[in-house]
Amino acid sequence: MRGKHAPRSTRWPIIILIIFAVILATITYGASSRNRTTKNQTTVSKKTSHSSISSSSVKSSSTSSSSQSSSSSDVKLKSAWNTTKNKQLSAFMSQWQTEMNQTYSGTYDGQKPDYYGISFPTALENGRLSGHIKFDNQNTTVEWSPNANSSAKNQVLAVAVGQTSSNGYNRILYLFIAQEKQPKVYVSQTTNGEDLYFTETQNTALKDGFSQIYNGN
């Protein structure tokens, strides 16, 4: 009877192994695919972040450059003294001296005003007046600085010399000064040897006129 039975089949174990292999391959491929997707997303994210940072840097640089340009422009517009302001002072003095019925020569007109033999601005440039200028009876150091580009406390921007009489005497000397970056006009009508004695002018029209020019654009 045994001889009539067919031998036990070995196909089912093989089929099971094949199915298991297919399932394992599918799981492995899926995991690999997910890893590649994650890496790609991370790369894209980094590129986007880098692009944003670069864009931000460009904008920041542009803003900084614009700010510096604007700041530079403001400095030019508000410079303490320049050729334009010098011409404005010349025009103002021409009108003011007419109203005062006096005549003045000034450095603002390219002249070299003479005050009892002291020529300006030469006497300021060559040191002749060093130690000989007094403001309110106090020894004062001044520096000729027609462009207001000095660091001195008292920068002389312009000088004017006039006469209050027709006989050539009674001369009057004005110094237009940037004193610690503030406009001041000092006047002298006296000398004592080589010393010049100054006080701040009490002429309101002259002070206001110079101040408006100095503080203008």
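Analyst: A residue is buried under 20% relative accessible area, exposed over 50%, and partly exposed in between (1.4 Å probe, protein chains only). The model is predicted, so local features need pLDDT of at least 70 and side-chain atom pairs 80 or more, while totals for chains, interfaces and linings use all residues. Residues are numbered from 1 along each chain as its sequence is written, and side-chain values use heavy atoms, with hydrogens and water left out.

User: Why is Lys-184 called partly exposed?

Analyst: Lys-184 has a relative accessible area of 24%. That value falls between the limits of 20% and 50%, so Lys-184 is partly exposed.

User: What makes Gln-102 count as buried?

Analyst: Its relative accessibility is 17%, and the limit for buried is under 20%. Gln-102 lies in the loop between H2 and E1; helices (H or I, at least four residues) and strands (E, at least two) are DSSP runs numbered from the N terminus. Leaving aside residues up to four places away in sequence, Gln-102 touches Gln-97, Gln-163 and Thr-164, where contact means heavy atoms within 4.5 Å.

User: What caps the N-terminal end of H2?

Analyst: Asn-82 does, with a side-chain oxygen 3.2 Å from the backbone nitrogen of Thr-84. Just after H2, Asn-101 takes a positive phi of about 60°.

User: Which parts do the buried residues of H2 pack against?

Analyst: They pack against strand E1 (103-106), strand E7 (154-163), strand E8 (171-179) and helix H4 (204-215). Among the buried residues of H2 are Leu-89, Phe-92, Met-93 and Trp-96.

User: How do you know that the buried residues of H4 are on the same side?

Analyst: The buried residues of H4 are Leu-206, Gly-209, Phe-210, Ile-213 and Tyr-214. They cover an arc of only 130° around the axis, which puts them on the same side of H4; the arc is that of the directions from the helix axis to the C-beta atoms. Gln-212 and Asn-215 are exposed, on the face turned away from the buried side. The buried residues of H4 pack against H2, E7, E8 and E9. At the start of H4, a side-chain oxygen of Asn-203 comes within 3.3 Å of the backbone nitrogen of Ala-205.

User: Why are E4 and E11 said to pair?

Analyst: Pairing requires that DSSP finds at least two bridges between two strands. Strand E4 (residues 133-135) and strand E11 (residues 195-200) have 3 bridges, in the parallel sense, and so they pair. One of the partners is Leu-196 in E11, which bridges to Ile-133.

User: Which way does strand E9 run relative to E11?

Analyst: E9 (residues 182-188) and E11 run antiparallel, joined by 2 bridges. Val-187 has Thr-199 as its bridge partner in E11. Strand E10 (residues 191-192) is also joined to E11 by 2 bridges, and these strands run antiparallel. In the hairpin of E10 and E11, 2 residues sit between the strands, and Gly-193 takes a positive phi near 70°.

User: What makes Glu-200 and Lys-184 a salt bridge?

Analyst: Their closest N and O atoms are 3.9 Å apart. A salt bridge needs a side-chain nitrogen of Lys or Arg within 4 Å of a carboxyl oxygen of Asp or Glu, so the pair qualifies. Glu-200 lies in strand E11 and Lys-184 in strand E9, so the pair ties together parts that are 16 residues apart in sequence. Glu-200 is partly exposed, at 28%.

User: How many salt bridges are there in the whole structure?

Analyst: The search finds 3. Another of them joins Arg-171 to Asp-114 at 3.1 Å between the closest N and O atoms. Arg-171 is in strand E8 and Asp-114 in strand E2 (residues 114-115), so this pair ties together parts 57 residues apart in sequence. Arg-128 and Glu-194 also form a salt bridge, at 3.6 Å from N to O.

Technical notes: A polar contact is a pair of N or O atoms within 3.5 Å; within protein, one must be able to donate a hydrogen and the other to accept it, and residues adjacent in sequence count only if both atoms are side-chain atoms.
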